[in-house]
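Student: I would like to go through this model step by step. Please keep each answer tied to the computed values.

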Amino acid sequence: MHVKRRFRLPALSTWDVSVFFWILGIVLGTIAAVCFQISSGSGHAGLESVLAARLGQEIGDPSGAGWHLNAGMKAASRGTLFFQVWLQRSGMALMLWLAGMTPVACLAAWGAGLVLGLEQAGLLAGFTGWGGFWGLPVFVATLFPQVVFYIPVFWLLLSWALAKERRIRTAGFLILLLVLGMGTALEVWLNPGFVSLLVSHCPF
């Protein structure tokens with residue numbers, strides 16, 4: 001007697017759902033960036049001011065003026081920027097850490113994945129729309145080397161949020177803040193010169 005097997009979808013883990021929301025964020029972010037470029041009616045120029053401000057923030061010039069030349073900030077200005085960026089990164093980590101101890105921890109982790117995908121896709125689409133092929137290496141350059149420290153922190157926070165056991169992990173979180181500080185130091189003091197050097201050699 002032949003018995004037909006019913007088709008069943010594989011069971012999805014909370015990590016699978018997190019990856020799904022990250023990919024969804026990338027798709028939505030890309031669509032939003034394309035729509036913004038079309039609605040602006042100015043093509044590449046419509047994104048130039050936005051990206052100049054973004055790169056300006058990366059190298060310590062929020063106004064975006066002279067962003068490709070302004071990698072030589074004074075030490076005092078770098079220190080202020082470091083404190084501001086570290087507070088921003090720490091605040092985001094704190095929200096995810098606290099949310100990870102609540103009944104909606106999974107929702108917080110999925111939301112974080114969605115937001116991360118939206119931001120990455122929007123920036124990548126913007127850089128490539130502005131600089132063409134050369135926008136890709138510039139985008140990657142704005143992530144290094146600080147991303148080497150940021151990724152483990154984000155991964156651990158997601159792991160805690162998606163874990164079945166709810167624990168406070170105060171000591172672990174304080175260590176993560178120190179790691180964020182090291183990544184922020186690289187972002188503020190090392191990354192600007194790296195980005196400036198690359199952009200100065202890009203043919204646009």
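Student: Is Met-95 buried or exposed?

Tutor: This is a predicted model, in which local features need pLDDT of at least 70 and side-chain atom pairs count only at pLDDT 80 or more, while totals for chains, interfaces and linings use all residues. Residues are numbered from 1 along each chain as its sequence is written, and side-chain values use heavy atoms, with hydrogens and water left out. Buried means under 20% relative accessible area, exposed over 50%, and partly exposed in between, with a 1.4 Å probe and protein chains only. Because its relative accessible area is 58%, Met-95 is exposed.

Student: Which helix holds Met-95, and what separates its C-alpha atom from that of Ala-108?

Tutor: Helices (H or I, at least four residues) and strands (E, at least two) are DSSP runs, numbered from the N terminus. Met-95 belongs to helix 3. Ala-108 is 13 residues away along the chain, and the two C-alpha atoms are separated by 9.0 Å.

Student: How many helices and strands does the protein have?

Tutor: The elements run α-α-α-α-α-α-α from the N terminus on. Of the 204 residues, 35% count as buried. The count of elements is seven helices and zero strands.

Student: What is the volume of the largest cavity?

Tutor: On a 1 Å grid over the protein atoms alone, a cavity is a set of points where a 1.4 Å probe fits but cannot get out; lining residues have an atom within 4 Å of a point. Grid points are joined across faces, edges and corners, and a volume is the space filled by probe spheres set on the points. The search of the whole structure finds one cavity of 30 Å³ or more. The volume of the largest cavity is about 60 Å³.

Student: Which helix gives the most to the lining of that cavity?

Tutor: The lining includes Leu-96, Trp-97, Leu-157, Trp-160 and Arg-169. Helix 3 (75-99) and helix 6 (147-162) each supply at least two lining residues. With three residues, the most comes from helix 6.

Student: Where does Arg-169 lie, and is it exposed or partly exposed?

Tutor: Arg-169 sits in the loop between helix 6 and helix 7 (170-200). Its phi is near 60 degrees, a positive value in a residue other than glycine. Most residues other than glycine have a negative phi. At 21% relative accessibility, Arg-169 is partly exposed.

Student: Which peptide bond is cis, with omega near 0 degrees?

Tutor: Most peptide bonds are trans. Pro-145 is in the loop between helix 5 (135-141) and helix 6. The cis bond runs from Phe-144 to Pro-145.

Methods: 1 Å grid on protein atoms, 1.4 Å probe; cavity = no way out; pocket = protein on both sides within 12 Å on 5 of 7 lines; lining within 4 Å.
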